[in-house]
Amino acid sequence: MAATDTQVRALSSRSLHTLGVASGLAAGAWLGVAEAPTKLVTLGFSPFLISLGMVAGVFTARWTLPVMIKGTGYIWLDLREKPHLVLWAVLAGMLWAVANTLTVFAIRNVGLSIAFPLWNINSLVGLFWGWLLFNELRGAGLRQRVEVLGGAAAIVGGACLLAYATSHQAAPAPGSAAALGIVAAVGAGILWGTMYIPYRKAYISGMNPLSFVTVFTFGELATVFVLAAAFDGGLRHVAAELGRARPALFWLFLGGFCWVLGDLFQQYAAKYVGIGRGIPLSNTNQLWGLAWGALFFGELTGQGSTAQALIIAGSLIMIAGAVAISLAEAPQAEQVSWRKVIERECSRYGLDRERVAESMRGGDPLAGEQTGHRWWEWLIAAAAVGVFVWLATQAEIPPIEVNLAWGVVLAAASLALLIACGLLLWKRTRFS
Amino acid sequence: MTLPRKSIARAIFTDVHFWIPAGVLVLGIVLLAVVR
């Protein structure tokens, strides 16, 4: 019992909470940055093709970054130690892809201003699953509960205000089509919220987020490809469209690359502060997307005073929500509840309790077992860089007026967060 | 320490947590078929 208490105390250390919060905020920034390159894709491509192009970029980056940070030998050892999580990671990737496709139909039927708030409930769904299945907030005091629940609600509410104020008000489709659009948006929110179950499952089993995303991306890419083929005129049509979209593919790949950086931080947030706290924090990406849209692309020029007031109010509410969650460090009693869930996973899947506990404390039990980088890993990195360079040579810059000064400021702020949070993760956990 | 393959399959498929995302995924695919 004494050993367990010691582990729990180590787990509840402020530095791990800070690490998780920093990861959540960095995730918000980079998931927001990912929207910027895709705004340069103005040609008339179907949403399926844009999604497929971006996910192909995601796939490329998701294979390259983990391989370069940890090496294939490390990823392989991690997967061999927890083989049951391979299926969970593929399942999570499939959930993401189906949810993403549902949003396409939701926007088509009811417009972004109605659809976005509905699918944005995903963080509340994740919070519910975190409480129900992973004992998150169990044992927490009233203050922490209010901060987490109120903070999550504020982030969702603020995002809804921003979506309402900034989206162009298209007339929703009549009758049953509108109803289906609403059901599709709610369905996407539930699918994304449920996708966080595999996330948390992986991390309370001691898996490294870099290993998880390496498998996740297979489920994601395969499902997006199948859905594009099924809903976008068959394989031959998709292949032809991909060829036609070549001048735009670089921007989609770049968006995908930024998205991977944000997603990795989101995974570390889910690992170190749980999905109830980590996911709402990373959902502040709406603020960053708005900043890029308004300041770099000048999208809000000519907005009325009501819209501007809504935007300011929505942004402040989101910031207040993020601050509230940042202050809600899990108390000792909640950490004990987490520990019970970890024990449950170890019993069910035959995991080594000490190694899982070490991983949850930010340690890396596989560090001593991994071999160095292999020569083919440099080939993988070179191939990925080659793909990006080749696509860049084919890329066309659309004639869109942008504010370069704001672009530099936003890029510098995002890079500062990337470096600060990356260094924090490296120093504290070696990206464990 | 790793469980044998059969035991892993049994552990996954008797884990009620697995059937929540799996069920939601199936419902999502059905919803897609209806919405399109």
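Me: Where does Leu137(A) lie?
Reply: Leu137(A) lies in the loop between α8 and α9 of chain A. Helices here are DSSP runs of H or I with at least four residues, strands are runs of E with at least two, and both are numbered from the N terminus. Before we go on: this is a predicted model, where local features need pLDDT of at least 70, side-chain atom pairs count only at pLDDT 80 or more, and totals for chains, interfaces and linings use all residues. Residues are numbered from 1 along each chain as its sequence is written, and chains are lettered from A and ligands numbered from 1 in the order in which they are written.

Me: Is Leu137(A) buried or exposed, and why?
Reply: Leu137(A) is buried, because 21 other C-beta atoms lie within 10 Å. The cut-offs: buried takes 20 or more other C-beta atoms within 10 Å of the residue's own, exposed takes 12 or fewer, and partly exposed is in between, with C-beta atoms placed from the backbone.

Me: What is the phi of Leu137(A)?
Reply: Phi is positive, about 70 degrees, although Leu137(A) is not a glycine.

Me: Which residues of α8(A) are buried?
Reply: Asn122(A), Ser123(A), Val125(A), Gly126(A), Leu127(A), Trp129(A), Gly130(A) and Phe134(A).

Me: What covers them?
Reply: The cover includes α7 (112-119), α9 (142-166), α10 (175-203), α14 (275-282) and α17 of chain A. Contact means that the C-beta atoms of two residues, placed from the backbone, lie within 7 Å.

Me: Why is α14(A) called largely enclosed?
Reply: Because 8 of the 8 residues of α14(A) are buried. Pro280(A) is found in this helix. It is buried, with 31 other C-beta atoms within 10 Å.

Me: What does Pro280(A) touch?
Reply: Ser123(A), Gly151(A), Ala152(A), Ile155(A), Gly321(A) and Ile325(A), leaving out residues up to four places away in sequence.

Me: And where is Ala328(A)?
Reply: Ala328(A) is in the loop between α16 (305-327) and α17 (332-349) of chain A. It counts as buried, because it has 26 C-beta neighbours inside 10 Å. Beyond neighbours within four places in sequence, its contacts include Gln144(A), Gly151(A) and Arg277(A).

Me: New topic. How many helices does chain B have?
Reply: Chain B has 2 helices and 0 strands. Its C-alpha trace spans about 45 × 15 × 10 Å along its principal axes. Of its 36 residues, 19% count as buried.

Me: Which residues does Leu95(A) touch?
Reply: Leu191(A), Thr194(A), Met195(A), Pro21(B), Val24(B) and Leu25(B), not counting residues up to four places away in sequence.

Me: How many residues has the largest nonpolar core?
Reply: That core has 144 residues. Leu95(A) is one of those with the most contacts inside it, along with Trp30(A), Leu102(A), Ala106(A) and Leu191(A). Helix α13 (residues 246-273) of chain A gives the most to this core, with 19 residues. A nonpolar core is a set of buried Ala, Val, Leu, Ile, Met, Phe, Trp, Tyr and Cys residues joined through C-beta atoms within 7 Å.
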